[in-house]
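Take a moment with the sequence and the model. Then follow the chain step by step.

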Amino acid sequence: MSPYPPFPLFTFIGFAIHALVFYAIGIRFLKRWNDKTFFLMGVGSFLDGVNFTIILVLFFLFPNSLAKSNIFLFNASIIVPFAVLSFVGALVYFWEHSRKFLPLYFIIGSVLNIYLFISTLEQFRAVPFEASYVHPAFPALIGQSQSAGIISSVVIGLFFFYNAFLSTLFIKRRALILGFACILEAISTVYWTSSTPGVYIFTHTVGPIASLMIAYAIFAYAIPHSEKAT
């Protein structure tokens, strides 16, 4: 496949949609919902916005270089996993019986993320640099971080499906939209390993659609009041 990004305008529009949606959701959750579940989701959303902003800035304003790839590695191995930690942490807090484990969860998760970043950085420095790869920081090296994003999207999607039928945190229609959107986000994440134009275009089409679905679900309905709010 051609040097990344292979379809510049198409890629830019998709990532810009992701960034704007996650920033908007993050700000809404952080500023207006006095509930730790939503607060942690807001942190995760804002970090995802930062993630896509870094991708946009580096892809389109700087040529491929070793420094650029190191920043990509930091983004993929630190910022993205910490966004995942926040999203899953929101679910840990949501269940009353697991709230007491939230600090331990963040400590263990943070240590593991930092360890994986250091080990990934060492692997990257041990292999030849090739700027023409689909992703200049080697998709194989960041597979663990990206798989965490896929798994978390599925888990959060199942969480919203649960809320659609068994909880009052979200109204049913909103929860269903969010559940399907999260599953689509998980599918779109495999763009990191795409080796053909077809897979790349498909995943980059599914992802922005999923983000727009999330934006619709969040902003088209009144803000809910969680019975679990503290």
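Predicted model: local features only at pLDDT ≥ 70, side-chain atom pairs only at ≥ 80, totals over all residues.

Read along the sequence, the pattern is α-α-α-α-α-α-α. The chain has 230 residues, and 52% of them count as buried. Now look at the contacts with a separation of 6 or more. Residues 24 or more positions apart account for 73% of these.

Start with helix 3, which covers residues 66-94. Its 29 residues should span 42 Å at 1.5 Å a residue. The end C-alpha atoms of helix 3 are 41 Å apart, which agrees with that expectation. Still, helix 3 has a bend of about 30 degrees, placed at Asn75. How many of the 29 residues of helix 3 are buried? The count is 22, so helix 3 is largely enclosed by the rest of the structure.

The axes of helix 2 and helix 3 come within 8 Å and cross at roughly 165 degrees. An angle over 145 degrees counts as roughly antiparallel. Helix 2 and helix 3 are therefore roughly antiparallel to each other. Their crossing is left-handed.

Helix 4 comes next, at residues 102-125. Its 24 residues should span 34 Å at 1.5 Å a residue. The end C-alpha atoms of helix 4 are 34 Å apart, in agreement. Which residues of helix 4 are buried? They are Leu102, Gly109, Ser110, Asn113, Phe117, Ser119, Thr120, Leu121 and Phe124. An α-helix has 3.6 residues a turn, so residues three or four places apart point the same way.

Move on to helix 6 (residues 172-188) and helix 7 (residues 197-219). Their axes come within 8 Å and cross at roughly 155 degrees. This angle too is judged against the cut-off of 145 degrees. Helix 6 and helix 7 are therefore roughly antiparallel to each other. Helix 6 passes helix 7 in a left-handed crossing. Both helices supply residues to the contact. From helix 6 come Arg174, Ile177, Leu178, Phe180, Ala181, Leu184, Glu185, Ile187 and Ser188. Helix 7 contributes Phe202, Thr203, Val206, Gly207, Ala210, Ser211, Met213, Ile214, Tyr216, Ala217 and Ile218.

Lys172 is found in helix 6. It is partly exposed, with a relative accessible area of 46%. Which residues does Lys172 touch, not counting those up to four places away in sequence? They are Ala164 and Phe165. Lys172 and Phe161 are 11 residues apart in sequence. In space they are 8.5 Å apart, C-alpha to C-alpha.

Phe219 lies in helix 7. Phe219 is partly exposed, at a relative accessible area of 38%. Setting aside residues up to four places away in sequence, Phe219 touches Ala24, Ile25 and Arg28. Phe219 and Arg174 are 45 residues apart in sequence, and their C-alpha atoms are 9.8 Å apart in space.

Terms used: Residues numbered from 1 in each chain as written. Heavy atoms only, no water. Helix = DSSP H or I, 4+ residues; strand = E, 2+ residues; numbered from the N terminus. Expected span 1.5 Å × (residues − 1). Bend = angle between axes of the 7 residues up to and from the residue. Buried < 20%, exposed > 50% of the residue type's maximum accessible area, 1.4 Å probe, protein only. Axes fitted to C-alpha atoms, helices over the stretch in contact; angles between N-to-C directions. Parallel < 35°, antiparallel > 145°, perpendicular 65-115°, else oblique. Left-handed = near helix turned anticlockwise from the far one by under 90°. Contact = heavy atoms within 4.5 Å.
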